[in-house]
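Work through the following exercises with the structure open beside you.

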Amino acid sequence: MADLALRGDRSDPACATAGTWLECIECGETYPPFAEVRYTCDCDGLLEVRYAELPTWRDFSGTGVWRYDAALPVEAGVSLPEGATPLHEVPDLEAELGLARLRIKHEGMNPTGSFKDRGMTVGVAVAQRAGVDRLACASTGNTSAALSAYGARAGLETLVLLPRGKVAAGKLAQASLHGARILEVDGNFDTCLDIVQALARSGEAYLLNSLNPFRLEGQKTIGLEILEQFRDEEGSYPDRIVLPVGNAGNTAALYKTFRELVASGALAESEVPALTGVQAAGAAPMVEAIERGRDEPRRWTDVETIATAIRIGNPVNAPKALPGIRETGGTAVAVSDEAITDAQRALAGEGIGVEPASAASLAGLRELRERGVVAADEEVVCLATAHLLKDPDAAAVAGGDPEPVPGTVEGVREHLAE
Ligand code: F0G
């Protein structure tokens, strides 16, 4: 362990902490963080950013993602700015579910309307350091919207690969207007990711999917923010965090931040929230892996759900996320599209507008309450990952229909009296 700190690029002034390196979660091989562009280990294992020094609460100041620069690999990045999203009270839902406390963390309030912005502000900063000129991602929509905005802001060419016909209108509009080149692939998200990984490996583009370990560092700040907000408002940390799972990057990022807080002494092991993942029944390889005790999920080739953001059959971050769910005492659950739409309506009824994938967390919590897996004395945070306007078509299906009326006061009165 003695030479550990030396393996990081300590002379690099943009390192927020002295001693930062990449480490393979499978074989333990280490690499300098910025000397070469690299996404995975030579053994194909996933990489994690590691730090010689880990921060505690007093190291954080300011607001948003960059409040947590002491926990990040770079000090600053292209910022729009992101983070500092609300933690909503939902008294009706809290009563309906019969929970000690229920809060909704609304990540739809980020600049491009999803949590992806937190990862992009860090990931694009690292891309700029690497001096690349083309950014790329595969996406079910939100990652492409975020990358397009941050790429535009950074003045870099942006390429997005999307599954044709399966990306919600709002997300496509964002990628288009922010000036990304949009490649509509004849295949699902997993096919798009296979292709973009090949392009990235041969140096044709810089990959900003959640395989990129720097992006997940930015997403850790969701966990840091939830813990701080919950503690400041409620005087304790939440028992459980429920989140939708697609590629399982967010689950991996939350688990990493909890481990780092425990290692720095900022959080007791007993205070770590139980990570609880929710997938749509038509795209649930992680749930299957948890239920059957598998170390590796089976790749689902046919996936379908109204929650197109999480229409994913091959969760590439599973090796990081499955231990997170298991070791925090969490679980994973699958929900139907009908349950997702019901949950989307219920959140809207409390004034919180989210897209279907985001509502999956509440749908999963409802299911686990019914099964008695989640107890009445629990304090729970549901992660709402993106905004209602991302998917106007799904919102229209879940909501009521407009009523045509004549263009006169009398006509409107008559209609209302009917
Ligand atoms: N919720 C929303 C709204 C998402 O867009 C995604 C992922 C997830 C949840 C799942 O997060 O992959 O970290 O488990 N969207 C990616 C995209 C795949 O391309 O926008 P995860």
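**Exercise 1.** Identify which residues of α10 meet which residues of α11, and describe how the two helices are oriented.

*Solution.* Start with the contact list, where contact means heavy atoms within 4.5 Å: Ala339, Ile340, Asp342, Ala343, Gln344, Ala346 and Leu347 in α10 meet Pro356, Ala359, Ala360, Leu362, Ala363 and Arg366 in α11. Sorted by class, these residues comprise ten nonpolar, one polar and two charged, where Ala, Val, Leu, Ile, Met, Phe, Trp, Tyr, Cys and Pro count as nonpolar, Asp, Glu, Lys and Arg as charged, and the others, Gly among them, as polar. Next take the axes, which are lines fitted to C-alpha atoms, for helices over the stretch in contact, with angles running from 0 to 180 degrees between N-to-C directions. Those of α10 (residues 337-348) and α11 (residues 356-370) come within 7 Å and cross at roughly 100°. α10 is therefore roughly perpendicular to α11, given that angles under 35 degrees count as roughly parallel, over 145 as roughly antiparallel, 65 to 115 as roughly perpendicular and the rest as oblique. The helices (H or I, at least four residues) and strands (E, at least two) are DSSP runs, numbered from the N terminus.

The model is a predicted one, in which local features need pLDDT of at least 70 and side-chain atom pairs count only at pLDDT 80 or more, while totals for chains, interfaces and linings use all residues. Residues are numbered from 1 along each chain as its sequence is written, and side-chain values use heavy atoms, with hydrogens and water left out.

**Exercise 2.** Determine at what angle α8 and α9 pack, and which residues meet.

*Solution.* α8 (residues 285-292) and α9 (residues 318-327) pack at about 50°, with their axes 11 Å apart, and the two helices are therefore oblique to each other. On the side of α8, Met286, Ala289 and Ile290 take part, and they meet Ala318, Ala321, Leu322, Ile325 and Arg326 in α9. By class, this contact has seven nonpolar, no polar and one charged residues.

**Exercise 3.** Carry out the analysis for α2 and α3, giving their angle and the classes of the residues in contact.

*Solution.* The angle between α2 (residues 116-130) and α3 (residues 142-154) is about 45°, and their axes lie 9 Å apart, which makes α2 oblique to α3. Lys116, Asp117, Met120, Thr121, Val124 and Gln128 in α2 meet Asn142, Thr143, Ala146, Leu147, Tyr150 and Ala154 in α3. These residues divide into six nonpolar, four polar and two charged.

**Exercise 4.** Locate the cis peptide bond and the residue with a positive phi that is not a glycine.

*Solution.* The bond from Leu80 to Pro81 is cis, with omega near -15°, and Pro81 is placed in the loop between β3 (47-51) and β4 (87-89). Asp44, although not a glycine, has a positive phi of about 80°, and Asp44 lies in the loop between β2 (30-31) and β3.
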